[in-house]
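Here are my notebook entries from an afternoon with one structure.

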Amino acid sequence: MDRTEREPLSTDEARYPRTVLAACCVPWDESGEVAEELFRASIADQVAQDLRHLYVFGTAGEGYAVDERRFDQVVDVFADESRRHGVDPMVGLISPSLPVVIGRIERCVARGIRSFQLSLPSWGALNDAELATFFAQTCGRFPEAEFLHYNLARSGRMLTPDDYATLAAAHPNLVAVKHTRADYATVHGLFAKAPALRHFVTEATYSYASLVGPAGFLVSIASVRPRLAREYFDAGVARDADALLAICAELLEMSGELRRAVGPGPHMDGAFDKIFAKVRDPRFPLALLPPYQGASDAAFQAFRAALRERHPRWVEA
Ligand SMILES: N[C@@H](CC=O)C(=O)O
């Protein structure tokens with residue numbers, strides 16, 4: 001066998017497509033209301049760039065900060081614009097209150113939405129019995145819907161490959177997981193123990209994960225140039241290690257530029273993701289819902305200048 005040929009990966013049994021998953025940020029106007037036309041334009045831009053698996057209300061989309069009125073308004077616009085482009089909208093659910101989560105799912109289901117992103121209630125880390133109740137009251141209660149779990153430290157409990165094996169067996173409509181961090185041992189464990197779930201990982205982990213299993217790509221900083229984000233994803237599907245490592249190195253350098261540009265202060269994902277959205281559309285506001293601090297315009301300018309100077313292929317002419 002030629003050195004560059006690779007053994008095929010074991011059969012892909014996942015319940016959700018292998019694809020690029022992308023967050024939608026919500027632009028707020030000066031009075032804190034959704035800036036509808038800009039929001040629609042940013043969704044349309046992502047779809048035009050072939051990002052067709054979109055979600056709103058992860059951390060970047062400030063799902064933790066919205067009240068019920070803004071939640072419903074944003075969902076209405078997001079669902080309408082997504083469907084105009086033939087895209088199935090996924091809605092994130094972040095709340096310490098299970099009744100709030102259930103109420104949001106009910107209102108979305110009434111609007112014909114069937115794809116959701118679940119985060120664990122974060123006020124106190126759930127124990128095993130509470131974890132089982134949470135999934136029974138979401139996945140179990142809404143069998144007509146499908147759920148991706150957002151696995152993040154902010155929720156107080158990071159789920160393990162063994163947790164996912166148990167949950168996937170109990171809930172056929174648990175279809176995918178979004179991992180914010182996973183070391184190499186965990187990556188292997190996920191593919192071995194929970195192959196029914198599609199495991200999405202971000203830029204730094206995707207190069208390794210896609211060489212050892214059918215990883216999905218959760219795009220973050222690479223969203224500044226979706227065509228190249230797609231190239232990175234495709235390199236993973238082809239298990240082209242040289243291309244993966246080269247693009248990964250660029251993305252890691254770009255993350256360093258971003259951290260230098262933003263500096264201390266803003267810490268919620270949306271502060272960074274809104275910079276990426278503004279690279280795509282200079283009209284995109286950087287503000288987050290209070291009390292959270294967005295990045296400054298100077299930080300955006302510094303990041304864009306660094307991209308233009310040191311990573312010009314990542315900025316569209
Ligand atoms: N920023 C993402 C998570 C990626 O790490 C989100 O929107 O939830």
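**Entry 1**

Are α2 and α3 roughly parallel or roughly antiparallel to each other? Before looking, I noted that this is a predicted model. I then looked up the axes of α2 (residues 68-84) and α3 (residues 98-110), which come within 11 Å and cross at roughly 30°. Angles under 35 degrees count as roughly parallel, and α2 and α3 are therefore roughly parallel to each other. I also noted the hand of the crossing of α2 and α3, which is right-handed.

Next I listed who touches whom. From α2, the contact uses E68, F71, D72 and V75, and from α3 it uses V100, R104, R107 and C108. Sorted by class, the contact of α2 with α3 holds four nonpolar and four charged residues, with no polar ones.

**Entry 2: α5 and α6**

I turned to helix α5 (residues 161-170) and helix α6 (residues 184-193). Their axes come within 9 Å, crossing at roughly 20°. That makes α5 roughly parallel to α6. The crossing of α5 and α6 is right-handed.

On the α5 side I found P161, D162, Y164 and A165, meeting T186, G189, L190 and K193 of α6. The residues of this contact of α5 with α6 split into four nonpolar, two polar and two charged.

**Entry 3: α7 and α9**

How far apart are the axes of α7 and α9? I read 9 Å, with a packing angle of about 170°. That makes α7 roughly antiparallel to α9.

In this contact α7 brings E203, A204, Y206, S207, S210 and L211, while α9 brings A241, L244, L245, C248, L251 and L252. I counted classes again: the contact of α7 with α9 has nine nonpolar residues, two polar and one charged.

**Entry 4: the largest pocket**

I wanted a volume here, and the largest pocket holds about 780 Å³ of space. Its lining is made of 30 residues, and T180, T202, E203, S220 and D269 are the ones that lie nearest the centre.

Which elements give two or more residues to the lining of the largest pocket? I found α7 (203-212), β8 (216-219), α9 (241-262) and α10 (269-280). The most comes from α9, which gives five residues to this lining.

**Entry 5: two backbone details**

I finished with the backbone. P290 and P291 are joined by a cis peptide bond, with omega about 10°. P291 sits in the loop between α10 and α11 (297-310).

Where does F57 lie? I located F57 in the loop between β2 (53-56) and α2. F57 is not a glycine, yet its phi is positive, at about 75°. The loop with F57 leads me back to α2, the helix I had paired with α3 in my opening entry.

Conventions:
Residues are numbered from 1 along each chain as its sequence is written. This is a predicted model: local features need pLDDT of at least 70, side-chain atom pairs count only at pLDDT 80 or more; totals for chains, interfaces and linings use all residues. Side-chain values use heavy atoms; hydrogens and water are left out. On a 1 Å grid over the protein atoms alone, a cavity is a set of points where a 1.4 Å probe fits but cannot get out, and a pocket is an open set with protein on both sides within 12 Å along at least five of seven lines; lining residues have an atom within 4 Å of a point. Grid points are joined across faces, edges and corners, and a volume is the space filled by probe spheres set on the points. Helices (H or I, at least four residues) and strands (E, at least two) are DSSP runs, numbered from the N terminus. Axes are lines fitted to C-alpha atoms, for helices over the stretch in contact, and angles run from 0 to 180 degrees between N-to-C directions. Angles under 35 degrees count as roughly parallel, over 145 as roughly antiparallel, 65 to 115 as roughly perpendicular and the rest as oblique. A crossing is left-handed if the near helix is turned anticlockwise from the far one by less than a right angle, and right-handed if clockwise. Contact means heavy atoms within 4.5 Å. Ala, Val, Leu, Ile, Met, Phe, Trp, Tyr, Cys and Pro count as nonpolar, Asp, Glu, Lys and Arg as charged, and the others, Gly among them, as polar.
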